Amino acid sequence: MYVIAALYHFTRFDDPGALKPALLAVCEAGGVKGTLLLAQEGINGTIAGPRAGIDAVLAHIRSLPGCRDLEWKEAASPGAPFGKLKVRLKREIVTMGEPGVDPRARVGHYVEHEEWNALISAPDVVVLDTRNDYEVAIGSFEGAIDPGTESFRDFPAWWKENRARFHNKRIAMFCTGGIRCEKSTNWLLGQGEQEVFHLKGGILNYLEKVPAKDSLWYGDCFVFDNRVSVGHGLERGPHLLCHGCRRPILPEDTARPEYEPGVSCHHCHDETSATDKARFRERRRQIALARARGETHLPAAAG
């Protein structure tokens, strides 16, 4: 079994580039793959590997400046979730594009999973899903507002256009693991909102700890590894991944005429050109050749 660890931590790295070589080395030594992002505001990513390798990487990250209190979420996978390792330097570990956002200064009120249902059921509370539209499409909390954003950087503009709708309301926000809420609640407080709340540990923590019979969640939660989606108890969901557009699809969607493995699905068939599709077919051919040579372990979900 492979251990999957999803993590983020906001701290100040004066020179994140100087941290990259050692982090890359400890991942490679432990057989750990996945993606880690480094920026001046901290670290974010999802990695997978053997237990000993994951433990070594987590210990190394906790030794970095300000990371002693690092928290992470674990899951297990019978197959290799990632085909390669990437440690990247970024301007932000989750891109919002708003200057001055600093979750280390202040964030909204954390709400524990056992208190979340009561909060979002209150009549004076507006519940906002901060995730992207393709994530919201497969599951969310009952009554939550979907901003319909294609990326997190679209959220500030959406809020400014819709703020008047939520006058005199308390704002409850949630996301997959918590990182987007750290930034969005800090930003809303900076916009003058007074009562801002967010689900501690995100959807994944809620689905792990709240029994299905007591849950206000419906559908599945999109995750950024080869599981594609999870449900209550973090059981793997039914979704596959279109490797043309990286959106989740259901097994029955592969029978639709727009579907071509590794190239397109009904979501993206009309979004890409013939040139794009030819490039995707060549990419798929090269991946198949690499697999035949035993050079990669790329997930096979939906091509």
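## Aromatic pairs

Rings of Phe, Tyr and Trp (its six-membered ring) pair if their centres lie within 6.5 Å; planes under 30 degrees apart count as stacked, over 60 as edge-to-face and the rest as tilted. By that rule, the structure holds eleven aromatic pairs. One of them joins Phe-141 and Phe-174 edge-to-face, at 4.9 Å centre to centre and 90° between the planes. This pair links distant parts of the chain: Phe-141 sits in strand E8 (residues 139–141) and Phe-174 in strand E9, 33 residues apart. Strands (E, at least two residues) and helices (H or I, at least four) are DSSP runs, numbered from the N terminus.

Phe-141 and Phe-174 are each buried. Buried means under 20% relative accessible area, exposed over 50%, and partly exposed in between (1.4 Å probe, protein chains only). Ring pairs also tie Trp-116, Phe-141, Phe-174, Tyr-206 and Trp-217 into a cluster. Trp-158 and Phe-166 form a tilted pair, with 5.9 Å centre to centre and 35° between the planes. Both of these residues, Trp-158 and Phe-166, are buried.

## Basis of the model

This is a predicted model: local features need pLDDT of at least 70, side-chain atom pairs count only at pLDDT 80 or more, and totals for chains, interfaces and linings use all residues. Residues are numbered from 1 along each chain as its sequence is written, and side-chain values use heavy atoms, with hydrogens and water left out.

## The open sheet

Four strands form an open sheet in the order E6-E10-E9-E7, with parallel pairing. Strand E6 (109–111) and E7 stand at the edges with a single partner strand each, so one side of each is left without a neighbour in the sheet. The twist averages 30° from one strand to the next. Axes here are lines fitted to C-alpha atoms, for helices over the stretch in contact, and angles run from 0 to 180 degrees between N-to-C directions.

Two strands pair if DSSP finds at least two bridges between them. E7 and E9 pair in the parallel sense over five bridges. Asp-129 stands opposite Phe-174 in E9.

## Nonpolar cores

A nonpolar core is a set of buried Ala, Val, Leu, Ile, Met, Phe, Trp, Tyr and Cys residues joined through side-chain atoms within 4.5 Å. The largest has 23 residues; Leu-128, Phe-155, Trp-159, Phe-166, Ile-171 and Met-173 touch the most other members. Strand E7 (125–129), helix H5 (155–162), strand E9 (170–174) and helix H6 (179–190) each give two or more residues to this core. H6 gives the largest share, five residues. Apart from this core lies another, of 22 residues, among them Val-125, Phe-141, Val-210 and Trp-217.
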